[in-house]
Amino acid sequence: MGPQALNGKFGLHEALDSLNLRFVASAPLGPSYDVAVDRSRNLAFLTVAGGVALYDISSPSSPSLLGVVIKTSGFLTDLEYDPDRQLLITVDFFGDVDLWNVSSAMTPVRLSHIDVGAPTPSAVLSGDLLLVSATNLGVRIYDVSDPSSPNLLSGLPALPYALNVGVSGNLVFIAADSGGVFIYDITDPSSPNFLSSFSNGWKALFPLPAGPYLFVAADSDGVVVLDVSSPSSPSEVGRYDTPGRAGRLSLSGSLLYVADGPGGLQVLDVSDPTSPHLLAGIPSYDGVYVMNAHPIDSLLFVAHSYHGMEIYSLSGVGMHEVSTYGYSAQIKDDVINGNYLYVLLSDGSLSVLDVSTPASPSEITRISDSLRGELLALDTVRDRLYAIARYNRSDSTVLLYIYDVSSPSSPYLTDSLLLPSDVYLSCLRVVSDTLFMCARFLSVFDVSVPSSPSPITELPLDYPQRVLKDGNLLFVLTSNRLYIYDFTSPSSPYLLDSLYVAFRVSGIEKWGNYVYTVYPKSVGDRDSVLVEVVDVSDPTSATVSGSVFLGFQDHTTLDYVATLKVVGGSLYTIYRQHLCALDLTSPSSPSLKECDFLPSSVMTSASVDGAYAYLPTDTLLRVWEVSSPVSPVFLSRSQERSYSASQFAGLYSGRLYTSDYGGSINVFDVSSLSDPLLVSRVWLSDSVAESGGANAFGVVGSRIVALYPALTLFSLSDPDTPTLVGRVDTSLIVDSSRQRVVAYSMAPVGNYVLVPFRDYLLTYDLSTLSLVSVVEADTPVRQVAISVVGDTAYVVALSYSGSYLLLYDVSDPLSPVELSRNPIGGSLNYYGALASNGEAVFMYTQKSGRVYFTSLSPGGSILDTLFLGRVPDVHGKSAHLSGNLLYAADMWGVRVYDVSDPANVSLVAYRETPALAYDVVPVGNYLLVSLYPAGLHVLQLSNVVEREERSGPERFNVDVANGRLFVNLKERSDVRIYDASGRLLYRGTLPEGRHGIKLRTGVFFLTVKGHGERKVVKVVVR
């Protein structure tokens, strides 16, 4: 969740609302947005959600975490650092800027605090001036010559929002979102002078001045270059469209580093600022966005959203783009032969490029008049070029063109032959005097006499994709199987072995005794891209020996072709927007050396020859140097796997356990609530490609139970290090159809766990880790949530006709019995969280886009409702009862309800959170709140007593008339009014007497404090 997402959800208000809940402490865990480096002391300060982590980087290849040295209540999005003064400035998106003395880095001292009064994405330190981007308030300029006493000098308007600011001399450049760029002269910082603004349809997110030019990160429009040599009349002079969303920029010499969000890190050559071009790119993995990058000396420090800090060496030149060549038609295929690249185009022509100088390829000829049909594929061997064209769909024939290319500048057609085939053709491969054509089957031709190819054999394989011949062995790849043939006698090859490799597999290459393929594996809404390794040392018994994870790509309906090529002990893989180099020093377990992210997808076969790769991307051919990987050279990462901070939580032995989207269990030491600490992380799965969060999670006795979606059990015999006990296969047989359980709720009953799933209530035995009972509901419904009180289970079920409350007798967990099924009253639909005390059931509901906190009778009738807001601003995630208080986390905040009278529910405490509140665990008068993505917050509940304990003389009374709330005070008191969602509507100190306050209709909570005592009453204005 980035600054824009935060801004979009929380709006442009001054601070986080709060009622009777006070922030105590945090244990930050979550995204990193910026990193500040002190090279003289070999220290790096890294933002981690609401904190700053300190790293020792004296060994850049293995940085060590020294500790989280700063903890805040908000969400840090920017750092500024002055190494001379050892002054660190932290910027909290919610409007808090703090100045820290970090001369003793392990124990920073806060010198001062600035309450900006608006969301604050970033700040820039320029000498003694601190310029703070304050969104709707523009840019604030502070004098920080005395860091302990900042002084506001002036403000610079920028509409609609000031997102980031850049300074060059006396000029200030403000990136103002859709408003473009604003330019001011601050020769006198207390009286700035507006010079100009410039916009050309793009969003300005970040400005980086460089002499007479201004580089602007323009979101989905990439990088825009402005000439600002005349600041009063800037002009656009260049642009480069990055593959992702350009957000932050850094410059080192003529290299521009672009934090491109989902596009990873893009490195542009801006030696000619009017014509930036790509040199290299670091892909974005696991949905992990590159948020910022700082080149310092020979190192590059990168802040990732969920990988923390990455460090790269900038010592080499490595894989990078050297040139491009554009066509007016789409590139269908290409093949390299010596210094010449033959390119097949969708307009039916064949282009010949001289690539003897890869930095400046030139077309030497183009053939079109001799070609007929739809050209499909190319291959070349020695001085012959073979091209296949679909000639006639109706009779399934193809044309084989054979060219003499002994003189590449004047190729001539030696023959064209009609061959029987299928309209589907996926590959053409020529090895020595043998031509392989992948169509409905695999057709093999003898081309020893080029003018008269003769058929040799046909292998009846379903739609072969790729062919590889190595000596007397032939490897054929279909969409999911690898076939190995003995090809000693081409006219009668025989099958040695076949094995399932993967679904949608593509590309094949061999090195030593190993064959490599590339395939995507679906993980949620993404594909993980992997290289699979097949041991063929015994071709009669091939085995899959491992895989290498390359990264994630979004799902697509398009078909992509992979290219693999071994050059000089490196395996180059090209798939979609990945160009990766793997080290084959150990062929059985290749190691990933580098992956670059291409601006657009490679849709057909690419060519790799020697030092260069030729990548066809639609109508543009990209030429990359690949011979000297790797640069930037990856050195280290502060988090080996991405994480998305905390979700559901449970407490045991002074430890709080939370799950996260990254697939881990996070263990916090909460024995000291004023200083909670993250002590360890344990993975739910060993597979990076299968990482993901638990759907349900909780502590049951001395064990952790997680639905992942497998029911996974951990022992807490060592509370600091949960130990995996085992997993239950999450498939079951119901009505003879095998279904995969993806459940989102569970409830413990003794040594059993009840899991609602579709039409069924499942019972798992934790002692044997087995499914022991499946109870089908009387009529089809989708059961989604469960709460157990005594021998009764309350289950919410959804159907097309509405939401239902089902009651089960679970006195015998092995044989639950459905007692009743009741529609939830008022046409309300379940909208998250569920708890019950046996007398009533509490949940979040929604109707017509409006969200309510609702109490129901066990029969489903409505006892009370509180309107909280609209979808999706409020969404119940969890609810826990303790006595007469119900603690709820509803994504955007934490609420505490007094439910002693279910027909008259009162909101008694509320706090809006800087990230998504997923779960809340009460501990005495404290609340442990699990936040995504921000880790753990500790809140203290104050001034709240349950209704029946309220006593003492009445110091005020309330009545409502004519749409006005009247408060009769017996003494001077502090009065506050909140709506049912917890938003503060009115605050004032009123004298004794009767006071009228106009309110709209609805439910409100009035707090009156006098003589140190605070009381809360619920008021309904009709």
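Student: How many salt bridges does the structure hold?
Tutor: The structure holds 21 salt bridges. The criterion is a side-chain nitrogen of Lys or Arg within 4 Å of a carboxyl oxygen of Asp or Glu. This is a predicted model, so local features need pLDDT of at least 70 and side-chain atom pairs pLDDT 80 or more, while totals for chains, interfaces and linings use all residues. Residues are numbered from 1 along each chain as its sequence is written, and side-chain values use heavy atoms, with hydrogens and water left out.

Student: OK. What is the N to O distance for E321 and R622?
Tutor: It is 3.0 Å. The pair links distant parts of the chain, 301 residues apart: E321 sits in strand β30 (residues 320–326) and R622 in strand β56 (residues 620–625). Strands here are DSSP runs of E, at least two residues, numbered from the N terminus.

Student: Is E321 buried or exposed?
Tutor: Buried, at 5% relative accessible area. R622 is buried too, at 9%. Buried means under 20% relative accessible area, exposed over 50%, partly exposed in between (1.4 Å probe, protein chains only).

Student: And what about D720 and R655?
Tutor: Their side chains meet in a salt bridge at 2.4 Å, N to O. D720 is in the loop between β64 (711–715) and β65 (723–728), and R655 is in strand β59 (residues 655–659), 65 residues apart. D720 is partly exposed at 27%. R655 is buried at 15%.

Student: Which residues are joined into one network?
Tutor: D82, R85 and D128, through salt bridges that share partners. D128 and R85 meet at 3.8 Å, N to O.

Student: How many bridges between β24 and β25?
Tutor: Five, joining residues 255–259 and residues 265–269 in the antiparallel sense. A259 has L265 in β25 as its bridge partner.

Student: Last one: where does S836 lie?
Tutor: In strand β76 (residues 829–836). S836 is buried, at 9% relative accessibility. Beyond its neighbours within four places in sequence, S836 is in contact (heavy atoms within 4.5 Å) with S787, V789, Y794, V841 and L881. Its C-alpha atom is 7.5 Å from that of V788, 48 residues apart along the chain.

Technical notes. Helices (H or I, at least four residues) and strands (E, at least two) are DSSP runs, numbered from the N terminus. Two strands pair if DSSP finds at least two bridges between them.
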